[in-house]
Amino acid sequence: MIFNGIVQLFLMYNGKTQYSKVLDQNAWGQIEKGFAHLEKHLVKQTFAVGHRLTAADLSLAATIRSVYANFAGPEFRNKFPNVLRYYNTVVNQKSLGGVIPVDNDFAKENAKFVPPKKEEKQKDQPKAQSKDQPKGGAAAAEPKAEKPKNPLDLLPPSSFVLDEWKRVYSNEDTRTKALPWFYEHFDKEGFSIWRFDFKYNDELTQIFMSNNQIGGFFNRLEASRKYVQGTAGVFGTNNDSLIAGVIVLRGKDYLPVLSVAPDLESYSVTPLDLDKPEDKKFFEDMLAWEVVIDGKQWADGKMLK
């Protein structure tokens with residue numbers, strides 16, 4: 001959870017992905033939630049696991065340092081004194097021999113997104129004419145390099161039009177109109193269907209926060225939106241809930257489509273086979289928002305379209 005948050009901030013703050021205030025707030029929320037969980041765990045713990053330094057401590061301390069050094073200012077760090085105490089305990093272990101720096105060269109304030117400065121237009125200046133350029137003629141324009149094609153665009157053409165399915169699912173009754181349309185047009189050779197389940201349901205608290213988490217996950221799939229459609233829900237009640245969903249995507253492998261979301265590792269993804277009655281029922285009930293999982297009723301949900 002902490003790692004996913006700092007990856008998202010790093011990508012946005014360094015111009016690797018488009019900045020979004022919603023994703024920014026969601027990333028900070030993940031980091032703060034992870035630190036709050038650690039703070040509670042470390043009240044009676046010296047190390048992450050057991051009473052001795054382990055590999056888990058090295059990994060965790062390295063992640064904490066990344067937050068402290070690059071993103072979290074004093075105000076954030078002071079909110080979690082047990083985490084700070086734990087970090088200092090780990091990095092000062094003699095057996096580490098300075099593997100993790102002990103300089104405490106941390107961020108002076110919380111990192112913020114800084115929009116890139118617009119390049120000033122250079123004043124028009126007469127260009128020196130090349131010997132090879134004909135007089136009065138314009139220099140031949142260099143051909144623009146073609147953008148590399150997404151491997152999914154190289155798949156054989158499919159008769160199943162995903163955008164049309166999104167329109168039908170969004171505007172028609174699921175049971176009587178949308179599902180019959182889907183089964184009539186679905187191309188099982190060109191598309192596949194998957195179930196995803198959140199791995200850390202014991203960390204979920206408020207229903208609305210969990211639903212926002214689904215929205216954040218779907219937002220981070222923006223780069224793959226033309227290849228994917230799905231829905232997901234929160235099941236249960238506050239402090240006793242889970243997250244699950246279904247995805248229809250291009251191709252037979254989910255990774256080329258879903259791996260654009262940094263928090264994919266927080267979900268387990270399994271294929272659904274519509275020839276199996278139990279898988280087909282789960283798929284249909286999920287699309288209709290009428291499924292019950294582990295005795296927990298549907299509480300809220302989001303659509304990816």
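1. Start with the largest nonpolar core, which holds 32 residues. Within this core, Phe 35 and Ile 64 touch the most other members. At least two residues each come from H1, H2, H3 and helix H5 (81-91), and H2 gives the largest share, six residues. Keep in mind as you look around that this is a predicted model.

2. Leaving aside residues up to four places away in sequence, Ile 64 touches Phe 35, Leu 38, Val 83, Tyr 86 and Tyr 87. So much for one core; there is also a second, separate core, made of 26 residues. Among the members of that second core are Leu 162, Tyr 169, Val 248 and Val 291. As a general background point, nonpolar side chains in soluble globular proteins tend to be buried together.

3. Now step back to the whole chain. The protein chain has 10 helices and five strands. Of its 305 residues, 41% are buried. The chain exposes about 18700 Å², and 52% of that is supplied by carbon and sulfur atoms. If you count the contacts with a separation of 6 or more, 74% of them join residues 24 or more positions apart.

4. Next, have a look at how two of the helices meet. Helix H1 (residues 2-13) packs with helix H3 (residues 55-70) at an angle of about 35 degrees, and their axes are 10 Å apart. The crossing of H1 past H3 is left-handed. On the H1 side the contact is made by Ile 2, Phe 3 and Ile 6, and on the H3 side by Thr 63, Ser 66 and Val 67. Sorted by type, the contact residues come out as four nonpolar, two polar and no charged.

5. Asn 26 sits in helix H2 (residues 21-41). Is Asn 26 buried or exposed? Asn 26 counts as buried because its relative accessibility is 18%, and the cut-off for buried is under 20%. Apart from residues up to four places away in sequence, Asn 26 touches Asn 212, Gln 213 and Arg 220.

6. Then jump along to helix H10 (residues 277-287). Which residues of H10 are buried? They are Asp 279, Phe 282, Phe 283, Glu 284, Asp 285, Met 286 and Leu 287. Read that list with the helix in view: an α-helix has 3.6 residues a turn, so residues three or four places apart point the same way.

7. H10 is followed by Trp 289, which is found in the loop between H10 and strand S5 (298-304). Trp 289 is not a glycine, yet its phi is positive, at about 60 degrees. That is worth a second glance, since most residues other than glycine have a negative phi. With a relative accessible area of 32%, Trp 289 is partly exposed.

8. The loop between H10 and S5 is also the place of Asp 294. Asp 294 is another residue to check, with a positive phi of about 50 degrees although it is not a glycine. How exposed is Asp 294, in terms of relative accessible area? The value is 68%, so Asp 294 counts as exposed, the cut-off for that being over 50%.

Note on methods: Residues numbered from 1 in each chain as written. Predicted model: local features only at pLDDT ≥ 70, side-chain atom pairs only at ≥ 80, totals over all residues. Heavy atoms only, no water. Buried < 20%, exposed > 50% of the residue type's maximum accessible area, 1.4 Å probe, protein only. Helix = DSSP H or I, 4+ residues; strand = E, 2+ residues; numbered from the N terminus. Contact = heavy atoms within 4.5 Å. Axes fitted to C-alpha atoms, helices over the stretch in contact; angles between N-to-C directions. Left-handed = near helix turned anticlockwise from the far one by under 90°. Nonpolar A, V, L, I, M, F, W, Y, C, P; charged D, E, K, R; others polar. Areas by Shrake-Rupley, 256 points an atom, 1.4 Å probe, with all protein chains shown as cover. Core = buried A, V, L, I, M, F, W, Y, C linked by side-chain atoms within 4.5 Å.
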